[in-house]
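Biologist: I have a model open and would like to learn how to read its features. Could you walk me through it?

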Amino acid sequence: MTDTNHVVLIGRLTRDLGADERSFAYTANGTARANISIAVNRSAKRGDEWADEVSYFDITIWGKTAENLKPYLLKGKQVAVDGWLKQDRWEKDGQKFSKVGIVANTVQLLGGKGDGGNNENGGYSSGYQQGGTMFKPRPQTQQPAQEFDGEEFPEDIPF
């Protein structure tokens, strides 16, 4: 069996993207990198009362996805993130440190006009996701439709 490392989160941005130099930058080879943080709320019952618990997650977005999202990632905006966990390790002054973060495969803007965004559909409009916009590079693999004259079925139909 193979190992699995997959994370799906829905939460709200804790700050605007681009608010400081560390949140959006380009690498030496010109690849865009965005660092965001989201707050994810969870209700838990403690005794007879329900209490909200908040967890904060640091997320890295790379490439064109980071560039396209930059104007839309504003504090309070709800996003869905699909990605994987990555552990960074470093040493400083003889002490070892580590931190687990999330690398995004896809980011979807959620919510509507009054939900922290300044666009009616919740962000950058790509037209293929209702209720939000999913950002993920998609390869162009669509092949042209074969012509069918109605007389005979093609022999490669799988049924």
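Biologist: Which residue in β3 stands opposite Phe24?

Modeller: Strands are DSSP runs of E with at least two residues, helices are H or I runs with at least four, and both are numbered from the N terminus. Two strands pair if DSSP finds at least two bridges between them. Here, Phe24 faces Ala34 in β3. Strand β2 (residues 24-26) and β3 are antiparallel, joined by three bridges. One caution: this is a predicted model, in which local features need pLDDT of at least 70 and side-chain atom pairs count only at pLDDT 80 or more, while totals for chains, interfaces and linings use all residues. Residues are numbered from 1 along each chain as its sequence is written, and side-chain values use heavy atoms, with hydrogens and water left out.

Biologist: What happens between β2 and β3?

Modeller: Five residues separate the strands of that hairpin, and Gly30 has a positive phi near 90°. Between β3 and β4 the hairpin has two residues, with Gly47 in the turn at a positive phi of about 70°.

Biologist: How many bridges link β3 and β4?

Modeller: They pair antiparallel over 14 bridges; Ser43, for instance, has Asp52 in β4 as its bridge partner. β3 also pairs with β1, antiparallel, over two bridges, and there Leu13 is partnered by Ile38 in β3.

Biologist: Let's turn to β1. Is Val7 buried or exposed?

Modeller: Buried means under 20% relative accessible area, exposed over 50%, and partly exposed in between (1.4 Å probe, protein chains only). Val7 lies in β1 (residues 7-13) and counts as buried because its relative accessibility is 13%.

Biologist: Which residues is Val7 in contact with, leaving aside neighbours within four places in sequence?

Modeller: Contact means heavy atoms within 4.5 Å. For Val7, the partners are Val81, Asp82, Gly83, Leu85 and Ile102. Val7 also lies 9.7 Å from Asn105, C-alpha to C-alpha, though 98 residues separate them in sequence.

Biologist: And which residues lie nearest the centre of the largest pocket?

Modeller: On a 1 Å grid over the protein atoms alone, a pocket is an open set of points with protein on both sides within 12 Å along at least five of seven lines, and lining residues have an atom within 4 Å of a point. Of the 18 residues lining the largest pocket, Asn35, Asp58, Thr60, Asp88 and Lys99 lie nearest its centre. Two or more lining residues come from each of β3 (32-46), β4 (49-62), β5 (78-92) and β6 (95-110). The largest share, five residues, belongs to β6.

Terms used. 1 Å grid on protein atoms, 1.4 Å probe; cavity = no way out; pocket = protein on both sides within 12 Å on 5 of 7 lines; lining within 4 Å.
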